[in-house]
Amino acid sequence: MAPTLSGPAAHLSGPAAHDPPAGQPAGGSCAAGPDSVGAMHDQPSAPAPELFTWEFASDPYPAYAWLREHAPVHRATLPSGVEAWLVTRYADARQALADQRLSKNPAHHDEPAHAKGKTGIPGERKAELMTHLLNIDPPDHTRLRRLVSKAFTPRRVAEFAPRVQELTDRLIDGFAREGSADLIHEFAFPLPIYAICDLLGVPPEDQDDFRDWAGMMIRHGGGPRGGVARSVKKMRGYLAELIHRKRGEPGDDLISGLIRASDHGEHLTENEAAAMAFILLFAGFETTVNLIGNGMYALLRHPGQRELLQTSLAAGERGLLETGVEELLRFDGPVEMATWRYAVEPLTIGGQAIPAGDPVLVVLAAADRDPARFAGPDTLDLSRRDNQHLGYGHGIHYCIGAPLARLEGQTALATLLTRLPDLRLAGDPADLRWRGGLIMRGLRTLPVEFTPLAS
């Protein structure tokens, strides 16, 4: 999947909500009174919605619309008990994503005892995997990003396109004769795992291990952090061995490129190389799982837009596919909130004072539906041109893996719509469930039916 190194499209980090039974709250609150919000904005005409419930996970957009209007910078208690500021308006979000007074380094979190260890990727501290682009600021961020950019080049991504197409066709071949499939488990999940393993240089015989570890991360993203931490520990041990082997026998893969990369005589340390490979694997797959899953679900729910795209693809055109993927990222993107930031000094966002040490979460899903920035923000328009969405971040932490994300998303959706033209949802959309969590937004399953392809 898209290696979302340095942007919002990142990990399962942070206090993910435990998945409750349907209709039961998962904890957390959106008490938008003066005590919780600080400076109130427009006088609310309706009660504040509750955040982090099962209903909220299914459709958070009405709640985000309420926050944008009445409490655009809102102090919320998250399901883990951690308190953080939620930034929901587009202009404020852009400011926050580029504001260097908001650090990515968890050392700046003025965390109370009950919040210890409840932000960031579970297990990354103990595994010595903190030195990646999601956790550091300039000048270390500048040095590491420059080194990684020498290995993760646009040319490498472009040369990888045939392999992404090959993997896409192979996975579709696996269920095309059945007439039905779960597009998450049989397609959207394995595609980015195998793709990023190939790109990094993980041998084919070891790739199923990574698929198991990644599955553990997704399954536990809404529950106990221990399962994720165990997978992180296993990944760390494997990557240490793989990096050691590739130092002796380098190849034409990304890990070998990371090892070789140098800048004015500086190289990545072994811990830095392991951390970068880890974040590519950990952060790089679920964003594409959700881009494909959420994107296809949106197209199935908007048949007119889907038909326009299929007609364009049949004519050999790619313009609508390219603008369409950007619109899908804006409309119901794979990353709901940007990864953690911490105020290094007192500052003001959207008129709200933020004390030093407080965590700030930029709500990308809310910002990208802000009517002050996007015309008809709740309408899916694949031909939308003025579409500077924040799905891949903004500023120095803009996602370095965005080109690969776009390649995989475009290839996956175009191939599905071309090879299985009558693809349709199997069952009632109301029965679909979204994975509990804080950072990511994605479906647990996406059952579909279609006319089986002949052998």
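Me: Which helix holds Leu183?
Reply: This is a predicted model, and in it Leu183 belongs to helix α8, residues 183-188.

Me: Is Leu183 buried or exposed?
Reply: The value to read is the relative accessible area, and buried means under 20%. Leu183 has a relative accessible area of 3%, so Leu183 is buried.

Me: Which residues is Leu183 in contact with, once its neighbours within four places in sequence are left aside?
Reply: The contacts of Leu183 are Phe175, Ala188, Met296, Leu416, Leu423, Leu446 and Val448. For Val448, the separation from Leu183 is 265 residues in sequence and 7.0 Å in space, taken C-alpha to C-alpha.

Me: Take Ser312 next. Where does Ser312 lie?
Reply: Ser312 is part of helix α14, which spans residues 303-314. Its relative accessible area is 6%, so Ser312 is buried. With neighbours within four places in sequence left aside, Ser312 is in contact with Glu317 and Leu320.

Me: What is the phi of Phe52?
Reply: Phe52 is not a glycine, yet its phi is positive, at about 65°. Phe52 sits in the loop that joins α1 (34-37) and α2 (54-58). The relative accessible area of Phe52 is 5%, so this loop residue is buried.

Me: Now the strands. In which sense do β1 and β2 pair?
Reply: Strand β1 (residues 73-77) and strand β2 pair in the antiparallel sense, over 5 bridges.

Me: How many residues of β2 are buried?
Reply: In a regular strand, side chains alternate between the two faces of the sheet. Strand β2, residues 83-87, is mostly covered, with 4 of its 5 residues buried.

Me: How many bridges join β2 to β10?
Reply: There are 3 bridges between β2 and β10 (residues 359-362), and these two strands run parallel. Trp85 has Val360 as its bridge partner in β10.

Me: What is the order of the strands in the open sheet?
Reply: The sheet has 5 strands in the order β1-β2-β10-β7-β3, and the pairing is mixed. β1 and β3 (102-103) are at the edges with a single partner strand each, so one side of each has no neighbour in the sheet.

Me: Which strands does helix α4 lie across?
Reply: Helix α4, residues 90-98, lies across β1, β2, β3, β7 (341-343) and β10. The angle of α4 to β10 is about 125°.

Me: Which residues lie nearest the centre of the largest pocket?
Reply: The lining has 16 residues, and those nearest the centre are Ser58, Tyr297, Arg301, Trp434 and Arg441. By class, the lining residues are 8 nonpolar, 2 polar and 6 charged.

Me: Which helix gives the most to the lining of the largest pocket?
Reply: α13 gives the most, with 3 residues. Both α13 (270-301) and α15 (319-332) supply at least two residues of that lining.

How values were computed. Residues are numbered from 1 along each chain as its sequence is written. This is a predicted model: local features need pLDDT of at least 70, side-chain atom pairs count only at pLDDT 80 or more; totals for chains, interfaces and linings use all residues. Side-chain values use heavy atoms; hydrogens and water are left out. Buried means under 20% relative accessible area, exposed over 50%, partly exposed in between (1.4 Å probe, protein chains only). Two strands pair if DSSP finds at least two bridges between them. Contact means heavy atoms within 4.5 Å. Axes are lines fitted to C-alpha atoms, for helices over the stretch in contact, and angles run from 0 to 180 degrees between N-to-C directions. On a 1 Å grid over the protein atoms alone, a cavity is a set of points where a 1.4 Å probe fits but cannot get out, and a pocket is an open set with protein on both sides within 12 Å along at least five of seven lines; lining residues have an atom within 4 Å of a point. Ala, Val, Leu, Ile, Met, Phe, Trp, Tyr, Cys and Pro count as nonpolar, Asp, Glu, Lys and Arg as charged, and the others, Gly among them, as polar.
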